[in-house]
Number of protein chains: 2
Amino acid sequence: MTARIGFIGLGIMGAPMAGHLRAAGHQVTVANRSRGPRVAELLAAGASWADSPAAVAAASDIVITILGFPRDVEEVWLGPQGLVAQARPGSLLVDMTTSAPSLARRLSEAASARGVLALDAPVSGGESGARNAALSIMVGGTGEAFAMALPVLERLGKTIRHLGGPGAGQHAKMANQIIIASTLMGVAEGLSYARAAGLDGEAVLDALAPGAAGSFQLNMLGPKMLARDFAPGFMLKHFLKDLSIAVAEAEVLGLELPGLAQARRLYEKAASVQGKDAGTQAIIAALTC
Amino acid sequence: MTARIGFIGLGIMGAPMAGHLRAAGHQVTVANRSRGPRVAELLAAGASWADSPAAVAAASDIVITILGFPRDVEEVWLGPQGLVAQARPGSLLVDMTTSAPSLARRLSEAASARGVLALDAPVSGGESGARNAALSIMVGGTGEAFAMALPVLERLGKTIRHLGGPGAGQHAKMANQIIIASTLMGVAEGLSYARAAGLDGEAVLDALAPGAAGSFQLNMLGPKMLARDFAPGFMLKHFLKDLSIAVAEAEVLGLELPGLAQARRLYEKAASVQGKDAGTQAIIAALTC
């Protein structure tokens, strides 16, 4: 069954995701701040271009957004020419940006007031997950909205979980980022220690990866840390954005997370040393050695 | 080829390890501080009992120790009736305790002065790794000593790596513990956050485990954290011992590890709240929620 799907935000995540939906035979209308080679490729594959969120909404039954920052989401969804104001009642809006749970609840309420369905559905798995349609997708919203979205989300990810009402997807994503923040800090500290102790880093990785210290982060970013390869899979500036949201939400919840606070200080230091566009593995550059 | 193997330290790790060596047909002589049911089982399987390290050394070509604390290792290896003084020149001593790299170098020097071979070979993989002969073994020492030990170590572990000279095995194990310390802190903080946000913990684990937040620690201890099951796989008191060694060695190396320092404070708090015999997953009890 093909649907009319709008897709706003064609970055390193969004572009391949929109491509999967087009490849599945859906009618895809895209919009993006800029119109570079990734957009050209999608149009060549048969997607249509729209000049505004309003135009995307007019052409679509389901609109997906995956943007940079919460303020971008707010503008695209809640502006006067935004998705919520322009979407047809009964249509579905899905925000896959990692954003604030409190904003997700506001988006859902605004949509609901117009008879529009809404979901927060942030993802995990990075660029390779997006390219291979192997993302984990954490979904918050009503059961009705989830049921409508599921066949589309199944084209984008492998693990798709409905975790609760509006904001629950973002909360789960925050839990995910909180775990990653300290896991990767541990990897950086362990590998820094190994280097300072004069060990061969690759032999250590090889010995540790199958054991109790093993993790996705160790496997993916440990080798890059050893090679001092800070090219971004996931940029520090985006991770720092996620961590600020997590810190703010934890505070609202009355929860103290000292590991997260410490990790965030190191990611900030890494950004000041290596630049905000460096990958998260640059945290190792924040350690004195 | 069967060997005469001595085994000192028959705790939850050592007892099944000694059992594997006996099951492989080796002549095994054991000693332990106490003589409980685990020892009785080994003797029933054909191991011989010895009353002292000296008696173990006299009966063995290779002696393995896996004890609680560095001071125990020092006593068993370096005491007047200890292994180094009593071992036959050309025989091999292997310490599999997680202990200080600096002590490993001292043991190796003392052994070498008597023509005795020595290795540091701490393990990762916990009780289940010991029971299933699936440990990761990180080895430091000479190539000659490693070659002599390898056929025996292969009965105990799956990933066996020679990482450098004396102390290199302990250094690699410290890197391992440093990584685990913050990884598990991240898991505890992420799951605490999820709970505070009102999410279903098991659904969150299920959504996060296959993705970028995934780790051995999340898989093994995440469910126990959710169930507030603090029964030990690995006791806080032993982990805290490892972390003190890591902190001290990092200081010697001039390395600042703020994540490790923060994690250690939380494990200490967990030990004061839940007791030192609780498992490492009790770190979640150190978070206010």
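Reply: The following account treats the cavities, then the helix pairs, then individual loop residues. The model is predicted, so that local features need pLDDT of at least 70 and side-chain atom pairs count only at pLDDT 80 or more, while totals for chains, interfaces and linings use all residues. Residues are numbered from 1 along each chain as its sequence is written, chains are lettered from A and ligands numbered from 1 in the order in which they are written, and side-chain values use heavy atoms, with hydrogens and water left out.

Rolling a probe the size of a water molecule over the atoms shows where empty space is left. A cavity here is a set of points, on a 1 Å grid over the protein atoms alone, where a 1.4 Å probe fits but cannot get out, and its lining residues have an atom within 4 Å of a point. Points are joined across faces, edges and corners, and the volume is the space filled by probe spheres set on them. The model has 2 cavities of 30 Å³ or more.

The largest cavity holds about 60 Å³. Its lining consists of Trp77(A), Asp95(A), Ala104(A), Leu107(A), Ser108(A), Ala118(A), Leu119(A), Asp120(A), Gly140(A) and Pro166(A). Helix H6 (101-113) and strand S6 (117-120) of chain A are the elements that give two or more residues to this lining; helices (H or I, at least four residues) and strands (E, at least two) are DSSP runs, numbered from the N terminus. By class, the lining has 6 nonpolar, 2 polar and 2 charged residues, where Ala, Val, Leu, Ile, Met, Phe, Trp, Tyr, Cys and Pro count as nonpolar, Asp, Glu, Lys and Arg as charged, and the others, Gly among them, as polar.

The second largest cavity holds about 40 Å³. Trp77(B), Ala104(B), Leu107(B), Ser108(B), Ala118(B), Leu119(B) and Asp120(B) form its lining, with two or more residues coming from each of helix H6 (101-113) and strand S6 (117-120) of chain B. These lining residues divide into 5 nonpolar, 1 polar and 1 charged.

Between the chains, the axes of helix H9 (residues 168-196) of chain A and helix H9 (residues 168-196) of chain B come within 8 Å and cross at roughly 165°. Axes are lines fitted to C-alpha atoms, for helices over the stretch in contact, with angles from 0 to 180 degrees between N-to-C directions. H9(A) and H9(B) are therefore roughly antiparallel, given that angles under 35 degrees count as roughly parallel, over 145 as roughly antiparallel, 65 to 115 as roughly perpendicular and the rest as oblique. The contact of H9(A) with H9(B) comprises 16 nonpolar, 10 polar and 2 charged residues.

Within chain B, the axes of H9(B) and H11(B) come within 10 Å and cross at roughly 40°, which means that H9(B) is oblique to H11(B). This crossing of H9(B) and H11(B) is also right-handed.

Most residues other than glycine have a negative phi. Arg228(B), in the loop between helix H11 (216-226) and helix H12 (236-252) of chain B, has a positive phi of about 50°. Arg228(B) counts as partly exposed because its relative accessibility is 32%, buried being under 20%, exposed over 50% and partly exposed in between (1.4 Å probe, protein chains only). Ala133(B) has a positive phi near 50°.

How values were computed
1 Å grid on protein atoms, 1.4 Å probe; cavity = no way out; pocket = protein on both sides within 12 Å on 5 of 7 lines; lining within 4 Å. Left-handed = near helix turned anticlockwise from the far one by under 90°.
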